[in-house]
Structure formats: C-alpha cells, structure tokens
Amino acid sequence: MTGEKNLQALLAGMHPVRRAGEYVYVLWPHGRPLTSGIEAAVREAEGLTVVLPRAQADKEGLSYDFVGAWITLQIHSALEAVGLTAAVSKALTDARISCNVLAGFHHDHLLVPVADAPRALEVLAELAAQNAPGQGRGQIPRPEVLLREETPEDRDAILALTADAFAISPATGLPADGEPVEVNVLRELFDAKEYLPDFSLVAVLDGEVVGHVISTRGWVGRQELLGLGPIGVTPRLQRHGIGSALMKESIARANDAGEIGIALLGSPEYYSRFGFVPAATLGVLPPEDEWGDYFQLLPLALWPGGVHGTFRYAEPFSRL
C-alpha cells in the first residue's frame with residue numbers, strides 16, 4: 001500500500017488515536033540485555049534510548065523524567081511526505097503542548113505529556129476538521145460560554161470537574177493519589193466563613209458546568225485581600241480560553257467591588273499575562289517560604305501601597 005503524500009489529505013484523514021497506558025523515555029543501561037515491552041529505540045553515540053510502558057520501567061528499576069501519552073496518527077503517511085510533522089507540531093505548539101514525534105513505516109506517533117493528552121486529541125481533531133474537503137482554514141466556531149455566579153445546585157458538577165481537572169497534579173505532573181486535595185479544599189470553602197458568593201464563578205457551555213474559579217477572603221495583617229483558587233476547567237476544554245475568561249471576570253468583579261488585590265499560587269509564566277507579579281516584590285510574603293515567586297499578587301485599582309506581611313488564606317487552606 002502506497003503512503004499518502006498530499007498534506008491536506010494527510011491532515012484531514014489522520015484520525016489520531018491514543019494508545020492505552022503511559023510511556024517513558026529511558027537511557028538503557030549499557031550491557032543489560034533488552035527486555036520485552038520496548039516500543040521504540042534510538043541508538044546514539046551517548047547510548048541507547050528506549051521508549052517503553054511506564055509500568056515496565058518501574059519494574060526494571062529504571063529512572064525517567066517524562067511521562068507521556070502515545071497518540072498514533074492512523075493515516076498511512078509516506079516517509080517522503082512533506083509538512084505533516086510541521087503542521088502537527090505547530091498546532092500543538094500553539095496550544096502550548098510539547099510533543100515528541102516517532103515515525104514508523106506506516107504511521108507517525110506522538111508522545112505528549114499525560115496531562116495534555118485530552119487537549120492534544122482535541123487540537124488534532126480541530127486541525128483535521130479544518131483541512132476536510134470544503135472547509136476553510138479558519139478556526140471552527142465554538143458555542144458561547146456563559147459566566148455566572150455558582151449556585152448550590154452547581155456544586156456536585158463543580159466538584160466533579162475539579163476532580164477531573166486536577167487528576168494530574170500540577171505540582172508533580174503525576175496522577176493524583178486518590179481524590180485530589182483541591183476537591184476537599186473547595187468542598188470546605190463553600191461552607192467557610194471566608195466564602196464570598198460574588199467571587200465563586202462558573203463557566204457554562206450548552207447547559208454544562210465546564211469551568212469554575214473561586215476567590216475567598218484573605219488577609220495581610222488586618223488588611224483584607226482576595227485569595228484566588230482553585231481554578232479548574234474540564235480537561236477536554238482546557239486551553240480554549242475558558243480559564244482566561246474566568247480570570248478576567250474575577251479581576252473585573254474584584255475591581256468593581258473595591259478590593260485592593262488578589263493573591264494566588266501558580267505558574268508565573270501563565271498568570272503574569274493577567275498582571276500578576278511575585279508577591280514579595282510588593283511586600284507580601286507567601287504562607288510557605290518555599291513557594292517563592294510562585295506566590296503572586298495582582299494589585300488592583302485601589303491598591304494602597306505600604307502593605308507588608310505574610311498572606312493568610314481562608315481557614316480550609318491551613319489544613320492542606
């Protein structure tokens with residue numbers, strides 16, 4: 001069977017499918033006989049790199065850093081085909097998903113971070129749809145997302161999406177051990193004295209709660225601020241702008257309410273786009289010293305300056 005060479009046909013018909021399991025890259029110990037279960041291997045001057053199931057690597061006592069999901073592009077692509085890898089890599093890069101590519105005789109294979117696998121499949125499906133016959137190359141229109149305050153009737157759905165959103169720990173990149181801690185914190189925040197109903201917001205798509213963010217009362221000394229988090233989006237819709245919309249709505253509401261600042265713990269690279277800076281640069285210290293620059297603060301329109309001290313979150317956070 002001859003492999004496909006036409007780029008648009010390749011993209012339209014790639015049919016990405018995720019293999020079961022988790023996979024890792026391992027530098028195989030020199031002189032050790034190869035074991036069963038190895039899925040791919042590359043010989044370099046520095047040694048032999050193998051890709052194998054994570055469970056097999058653990059059984060062999062081998063170390064690894066990257067835990068990936070294996071996605072196969074089902075279309076039979078010719079080895080001399082031009083542009084498929086570049087187009088797929090660009091789409092995933094634009095979605096901020098790292099990707100390692102393996103080319104076989106019949107198919108191309110992608111290894112992406114486990115946490116990003118659902119979103120990667122969506123990105124690839126969108127790319128395929130954009131290249132289907134009769135389709136333009138623009139973005140596929142998406143239904144409008146409604147932002148509103150949560151109600152008690154939303155809470156089971158909120159807790160379920162939070163469990164899904166944090167099934168892979170953002171701190172370790174590994175699957176959570178049991179129920180993610182964020183779920184119980186959120187459950188307690190709903191009943192805490194620091195709960196602020198105007199700052200517990202949901203994103204709703206076609207009647208389904210697909211995102212949630214909460215800000216609760218926090219303090220530096222006697223000065224009141226907001227402590228934001230957790231924030232979660234159902235995995236299949238992550239990187240679609242829902243989290244950004246929730247953040248922007250939270251900030252707008254905080255300014256309208258006369259709040260002076262919002263503190264949070266999270267990625268400086270992500271939250272800096274909303275104006276957050278390391279809190280210590282404004283004199284506000286994290287509850288835990290090791291948080292460093294990951295503890296951030298957004299000074300709002302009424303930020304008074306001269307606020308100094310250690311930030312104190314709502315009571316449920318103290319039991320983490």
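A residue here is buried when its relative accessible area is under 20%, exposed when over 50%, and partly exposed in between. This is a predicted model, so please keep that in mind.

By that scale, arginine 96 is partly exposed, because its relative accessibility is 47%. Arginine 96 sits in the loop between α3 (84-94) and β6 (100-103), and its phi is near 60°, a positive value in a residue other than glycine. Most residues other than glycine have a negative phi, and most peptide bonds are trans.

Histidine 15 also has a positive phi, near 45°. Its loop runs between α1 (7-12) and β1 (16-18). Histidine 15 counts as exposed because its relative accessible area is 52%.

Next, the peptide bonds. Which one is cis? The bond joining glycine 229 and proline 230, with omega at about 0°. Proline 230 belongs to strand β11, residues 223-233.

Now helix α7. It covers residues 242-256, and its 15 residues reach 21 Å from the first C-alpha to the last, close to the 21 Å expected. Among its buried residues are Ile242, Leu246, Met247, Ser250, Ile251 and Ala254. An α-helix has 3.6 residues a turn, so residues three or four places apart point the same way. Just after α7, glycine 258 takes a positive phi of about 80°.

Finally, the chain overall. It has eight helices and 16 strands, and 45% of its 320 residues count as buried. Of the contacts with a separation of 6 or more, 68% are between residues 24 or more positions apart.

How values were computed. Residues are numbered from 1 along each chain as its sequence is written. This is a predicted model: local features need pLDDT of at least 70, side-chain atom pairs count only at pLDDT 80 or more; totals for chains, interfaces and linings use all residues. Side-chain values use heavy atoms; hydrogens and water are left out. Helices (H or I, at least four residues) and strands (E, at least two) are DSSP runs, numbered from the N terminus. The expected span of a helix is 1.5 Å times one less than its number of residues. Buried means under 20% relative accessible area, exposed over 50%, partly exposed in between (1.4 Å probe, protein chains only). Contact means heavy atoms within 4.5 Å.
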